[in-house]
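Here's a quick tour of one protein model for you to follow on screen. Have the structure open and click along as you read.

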Amino acid sequence: MLTEQRHNAILQILRDKGSVTVAELKDLLNISESTARRDITQLARMGKLEKVFGGAISLESSISTNEPTVRQKSELNKEQKRWISAYAASLIRPSDFIYIDAGTTTEGMIDFLPDDNSIRYVTNGVAHAQKMMAAGKRVILVGGELKSSTEAVVGTDAVLMLQKYHFTRGFFGSNGVSLEEGFTTPDPGEALVKQTAIQQCRQAYVLADATKFDVVSSVTFCPIEKAQILTERIPERYNQLDNIIRV
């Protein structure tokens with residue numbers, strides 16, 4: 001296969017999948033890893049793709065390392081977030097032990113939580129804990145380092161505390177949702193807390209409005225098939241998923 005043919009094939013794969021690894025290109029195109037790496041490097045220099053560790057992603061799925069503040073996030077897609085939050089809260093059952101992740105969409109759930117003292121809540125969101133306490137809910141705030149931009153508790157202490165719990169359900173926010181990269185967030189510390197909490201949940205839900213799809217942040221905290229996705233609109237290429245609910 002000529003160089004130009006390989007380049008066109010790689011770009012077509014990225015249009016179809018959004019991302020590809022060097023190992024995948026080796027198998028798909030029947031070429032060596034060194035040739036795959038060289039082609040990726042050449043295409044990146046030509047501005048045709050985004051080179052990442054171990055492979056490449058399409059420019060349409062470029063990686064975001066920015067983390068908006070809570071105030072900035074709270075002004076985005078308010079109506080959609082409210083629909084998703086209300087539906088998420090409706091899934092809570094008596095005697096559940098619930099984890100609620102920090103974030104503006106998950107915070108919206110608090111207005112719709114059941115009036116049931118048999119339900120206990122754990123959160124790493126400081127504002128979440130304050131609002132739930134004011135509403136008379138039984139709530140535990142995870143201890144650790146406070147991240148100022150998102151008002152989330154992160155760090156080793158938070159992870160160790162979460163590892164002791166076993167949640168019936170957990171509700172999570174995500175900066176990005178991608179078929180290839182899963183659920184992503186810009187901060188490694190916050191990603192580790194999310195990952196740990198999800199592992200401790202019998203059922204995990206990710207609340208994501210439609211703008212989060214095909215967005216990739218720098219750290220994956222969960223594969224896309226490991227949590228139920230709640231959204232107000234399902235992009236066409238995600239219709240194949242059996243773990244996504246339109247609310």
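There are 9 salt bridges in this structure, and keep in mind that the model is predicted. Let's start with those charged pairs, then move on to the sheet, the helices packed on it and the cysteines.

**Salt bridges**

- Arg6 and Asp39 make one of these pairs, with their closest N and O atoms 2.6 Å apart.
- That pair links distant parts of the chain, since Arg6 sits in helix H1 (residues 3-17) and Asp39 in helix H3 (residues 33-45), 33 residues apart.
- Are these two partners buried or exposed? Arg6 counts as buried at 9% relative accessibility, and Asp39 is buried too, with a relative accessible area of 0%.
- Lys147 and Glu190 also meet through their side chains in a salt bridge, at 2.9 Å from N to O.
- Because Lys147 belongs to strand E8 (residues 145-147) and Glu190 to helix H9, this pair ties together parts that are 43 residues apart in sequence.
- Both Lys147 and Glu190 are buried.
- Arg237 pairs up with Glu180, and here the closest N and O atoms are 3.2 Å apart.
- Look for Arg237 in the loop between E16 and E17, and for Glu180 in the loop between strand E11 (176-178) and strand E12 (182-185); the two are 57 residues apart.
- Arg237 is partly exposed, with a relative accessible area of 27%, and Glu180 is partly exposed as well, at 26%.
- Salt bridges with shared partners join Glu180, Asp214 and Arg237 into one network.

**The sheet**

- Now find the open sheet of 7 strands, which has parallel pairing and runs in the order E7-E6-E5-E10-E13-E16-E17.
- Which strands stand at the edges? They are E7 (138-141) and E17 (244-246); each has a single partner strand, so one side of each is left without a neighbour in the sheet.
- From one strand to the next, the twist averages 20°.
- Strands in a sheet pair through backbone hydrogen bonds, either parallel or antiparallel.
- For a parallel example, look at E10 (residues 167-173) and E13 (residues 201-207), which pair over 6 bridges.
- Gly170 stands opposite Ala204 in E13.

**Helices against the sheet**

- Helix H5 (residues 78-90) packs on the sheet and touches E10, E13, strand E16 (228-231) and E17.
- The direction of H5 makes about 135° with that of E16.
- Helix H9 (residues 188-199) lies across strand E5 (97-100), E10 and E13, and runs at about 150° to E10.

**Gln200, in a loop**

- Gln200 has its place in the loop between H9 and E13.
- Gln200 is buried even so, with a relative accessible area of 15%.
- What does Gln200 touch, leaving out residues up to four places away in sequence? The list is Leu162, Gln163, Tyr165, His166 and Phe167.
- A polar atom in the side chain of Gln200 lies 2.7 Å from the backbone oxygen of Tyr165.

**Cysteines**

- How many disulfides turn up in a search of the whole structure? The search finds 0.
- Cys201, for instance, is in no disulfide, and the nearest cysteine sulfur is that of Cys222, 9.8 Å away.
- Cys201 is buried, with a relative accessible area of 12%, and Cys222 is buried with 4%.

How values were computed:
Residues numbered from 1 in each chain as written. Predicted model: local features only at pLDDT ≥ 70, side-chain atom pairs only at ≥ 80, totals over all residues. Heavy atoms only, no water. Disulfide = S-S within 2.5 Å. Buried < 20%, exposed > 50% of the residue type's maximum accessible area, 1.4 Å probe, protein only. Pairing = 2+ DSSP bridges. Helix = DSSP H or I, 4+ residues; strand = E, 2+ residues; numbered from the N terminus. Axes fitted to C-alpha atoms, helices over the stretch in contact; angles between N-to-C directions. Contact = heavy atoms within 4.5 Å. Polar contact = N/O pair within 3.5 Å; in protein donor to acceptor, adjacent residues only side chain to side chain. Salt bridge = Lys/Arg side-chain N within 4 Å of Asp/Glu carboxyl O.
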